[in-house]
Amino acid sequence: MRRILGADLGERRIGLAVADHDGGRAMALLTLRRSTPAQEAAAIARVAMEQEADELVVGLPLHASGAAGTQAEITRDWVAALEPLVGLTIALRDERLSSHLAEERLGPMKRGRSGGPPSKTQRDAYRGRVDREAAAIILQDELDARAATQATQATQATQASQASKANGGTRTDDDMETTR
């Protein structure tokens, strides 16, 4: 069975998640450190091969209004550079509030030793978890949207079939092509 990868592209890290094409739940997978586009492409291609993924869904950071800003353009440019290198179909998905939702799911960052502030290592580890979880949210949103589209198409096909049966299997004037 083929799988789909989800990615949350950040300035320092790329969170990755994975799910089955059949609409299974998206699961947080791992976090990559940002480097050069070629190194990032190689790492993503390796993960895609390991996970038997044939598609990548990348979060597109839009403003709250839905308008694309600087970060959205950076993401589009990154996808354009990455696509020929990874050999995957790449789709973009609105990622508004994904990191915020990920932080809510994970809860607050753990305190440091003796109840003090978290260490840099703890902060980095938490941010990596947030990035992975955000990638899972982005991917799950895409899977849910695809399932809704398929359900709508199936309903329309059923309605068309029922309408055809109601007409005795005959075609109406609207269905027929007119030739002269």
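This is a predicted model: local features need pLDDT of at least 70, side-chain atom pairs count only at pLDDT 80 or more; totals for chains, interfaces and linings use all residues.

User: OK. How many helices and strands does the protein have?
Analyst: The protein has four helices and five strands. Their order from the N terminus is β-β-β-α-β-α-β-α-α.

User: And how much of it is buried?
Analyst: Of the 180 residues, 34% are buried. Buried means under 20% relative accessible area, exposed means over 50%, and partly exposed lies in between (1.4 Å probe, protein chains only). The protein exposes about 10900 Å², and carbon and sulfur atoms supply 50% of that area. Accessible areas come from the Shrake-Rupley method with a 1.4 Å probe; for residues, only the protein chains shown count as cover.

User: Back to helix 2: how many residues does it have, and how far does it reach?
Analyst: Helix 2 covers residues 70–86, which is 17 residues, and spans 24 Å from first to last C-alpha, close to the 24 Å expected at 1.5 Å a residue. The expected span is 1.5 Å times one less than the number of residues in the helix.

User: Which of its residues are buried?
Analyst: The buried residues of helix 2 are A72, T75, W78, V79, L82 and V86. An α-helix has 3.6 residues a turn, so residues three or four places apart point the same way.

User: What covers them?
Analyst: The cover includes strand 1, strand 2 (13–20), helix 1 (37–51), strand 4 (53–60) and strand 5 (89–94).

User: New topic: which non-glycine residue has a positive phi?
Analyst: E52 does, at about 60°, although it is not a glycine. Most residues other than glycine have a negative phi. E52 is in the loop between helix 1 and strand 4, and it counts as partly exposed because its relative accessibility is 42%.

User: What about E95, buried or exposed?
Analyst: E95 is buried, because its relative accessible area is 12%. It sits in the loop between strand 5 and helix 3 (98–106). Leaving out residues up to four places away in sequence, E95 touches D8, G59, L60, P61 and I138; contact here means heavy atoms within 4.5 Å.

User: And P117, buried or exposed?
Analyst: P117 is exposed, with a relative accessible area of 64%. Its place is the loop between helix 3 and helix 4. Apart from residues up to four places away in sequence, P117 touches R111 and G112.

User: How big is the largest pocket?
Analyst: The largest pocket holds about 250 Å³ of space. On a 1 Å grid over the protein atoms alone, a pocket is an open set of points where a 1.4 Å probe fits, with protein on both sides within 12 Å along at least five of seven lines; lining residues have an atom within 4 Å of a point. Grid points are joined across faces, edges and corners, and the volume is the space filled by probe spheres set on the points.

User: What lines it?
Analyst: There are 15 lining residues, and G10, E11, R12, R13 and D131 lie nearest the centre of the pocket. Strand 1 (3–9) and helix 4 (120–166) are the elements that give two or more residues to the lining, and helix 4 gives the most, with four. By type, the lining has two nonpolar, three polar and ten charged residues. Ala, Val, Leu, Ile, Met, Phe, Trp, Tyr, Cys and Pro count as nonpolar, Asp, Glu, Lys and Arg as charged, and the others, Gly among them, as polar.

User: Last one: what does V130 touch?
Analyst: V130, in helix 4, touches S99, A102, E103 and L106, not counting residues up to four places away in sequence. V130 is buried, with a relative accessible area of 0%.

How values were computed
Residues are numbered from 1 along each chain as its sequence is written. Side-chain values use heavy atoms; hydrogens and water are left out.
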